[in-house]
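Reader: Hey, can you walk me through this protein? I'm new to reading structures.

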Amino acid sequence: MTNFNPSRRRVLCAGVLAGAFTACPALAELQVSITGVGANQLPIAVKVFEGSGATGFDAAAVIGADLERSGAFRLIPTGAEGEPENLEKPASLEAFGKLGANALAVGRVSRLPDGRWELTYYLHNTVTGALTDSAVFTTSGNDVRMCAHRIADRIYTNLTGEGPIFASKLVYVAQLARNRYELVISDSDGGNRQAALQSHEPIISPVWSPDGKKISYVSFEDRKPIIYVQELATGARHAICAFRGNNSAPAFSADGGTLAVALSRDGLTQIYLMNANGTGLRRFTKSYGIDTEPCFSADGQWVYFTSDRGGAPQIYRQPLAGGPAERVTFGSSYAISPTVSRDGRYLSYISRIDGRFRTAVMDLTTGQNTLVTTTDRDESPSFAPNGRFLVYATEVNGRGVLGTASVDGRLSTRLTGLGDIREPCWGPILP
């Protein structure tokens, strides 16, 4: 959305390479730093999993970092890998209770003869001594890190009652040089960085399909914006919108069957709907302004979008079943980039206040608006799968970085890595 965005840098060069995930071992993964604190943190100990030294994979480090990043937990130090013990009734349970831990997570990691990994975990209540949860995961080497995220999700949901968050992926754009761009897929913590697309042209507006198997994005590789849908497993991709003028801002419906896009093929940029395979194009909005940045409501009844039909850009929504659009944002003189949480409770957008572009969250039930960041060049908010956190792009010292924030604004983290990082989108929990 070039007309409204506070900052967009475009470089037109040439060349593109798309494929299935390509590992990027030479490039730094995102580094996470927690810049806020959560309230009512639960003290927990996550012991180094038995077998970590032999296998070289520290599952406890991934699990502990996930829990700490959520702001809901305070980690109790556990030291190095200890002697094997009965994981169902660990002898160390009482000792960690005396150190202040209310919960203890223990486990084992091993390589099976066929090369697969097995992760076994147990969660104990140090106060009552009860076994709270347990699970065994068996997976290939490519997915062992994701298994640790799944264990973190089980701990998080058991002890907080919130939905899972960690066993998900991020997609974002990294500009590594003046004419070098990558569309990057990573775990939710920035680890396991892989490139889905490499190009000498800008890439913008990546979004996930609801099943996490595809992404849609805009590429300038043909010296004009074209919308693609790409299969992540194979790298196969299809240009679904290459009309004259602007082709931008794709968004999947909750069932994955429909795409909303912003096109200027008939004059001013307006919202169109189409089947996810590129067929069945039909115009959705009809205004004398610019309508862009669509996203679907969680219940599939509305399309939210940015429009300047009233003068300055604001967030509107229009029913899919038919009917007029209605304005949603009133607390800001300038509001862009809407996104709705998967549970339908929250709307996030970028609000310009006193020349600063900050991420805001609206409770759609009460209408209350909260500024959840302290930065001033925010872009592209996107909700986590459980709707309690979001990721966004911002700029620090002239460099694009990612940040995360809780919907109440109490906890924030910053994710930095190689290059100028922008355009994040948080994917669904993977099956």
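Author: Let's go through a sheet, a pair of hairpins and a cavity.
Author: This is a predicted model, where local features need pLDDT of at least 70 and side-chain atom pairs count only at pLDDT 80 or more, while totals for chains, interfaces and linings use all residues. Residues are numbered from 1 along each chain as its sequence is written, and side-chain values use heavy atoms, leaving out hydrogens and water.

Reader: How many bridges hold β11 and β12 together?
Author: Four, in the antiparallel sense, with β12 covering residues 214-219. W208 stands opposite I215 in β12.

Reader: Switching topic: is β21 buried or exposed?
Author: Five of the six residues of β21 (residues 314-319) are buried, so the strand is largely enclosed by the rest of the structure. Buried means under 20% relative accessible area, with a 1.4 Å probe and protein chains only.

Reader: What does β21 pair with?
Author: Six bridges join β21 to β20 (residues 302-307), running antiparallel, and W302 stands opposite P319. Those two form a hairpin with six residues between them, where G311 in the turn has a positive phi of about 120 degrees. β21 also has two antiparallel bridges to β22 (residues 326-327), with R317 opposite E326. In that hairpin G322 takes a positive phi near 115 degrees.

Reader: How many cavities are there?
Author: Three of 30 Å³ or more. A cavity is a set of points on a 1 Å grid where a 1.4 Å probe fits but cannot get out, and lining residues have an atom within 4 Å of a point.

Reader: Where does the second largest cavity lie?
Author: Domain 1 (31-160) and domain 2 (169-429) both give residues to its lining, so this cavity lies between them. About 100 Å³ of space lies in it, and the lining includes D66, R69, F389 and W426.

Note on methods: Two strands pair if DSSP finds at least two bridges between them. Buried means under 20% relative accessible area, exposed over 50%, partly exposed in between (1.4 Å probe, protein chains only). On a 1 Å grid over the protein atoms alone, a cavity is a set of points where a 1.4 Å probe fits but cannot get out, and a pocket is an open set with protein on both sides within 12 Å along at least five of seven lines; lining residues have an atom within 4 Å of a point. Grid points are joined across faces, edges and corners, and a volume is the space filled by probe spheres set on the points. Domain bounds come from an automatic or database domain assignment.
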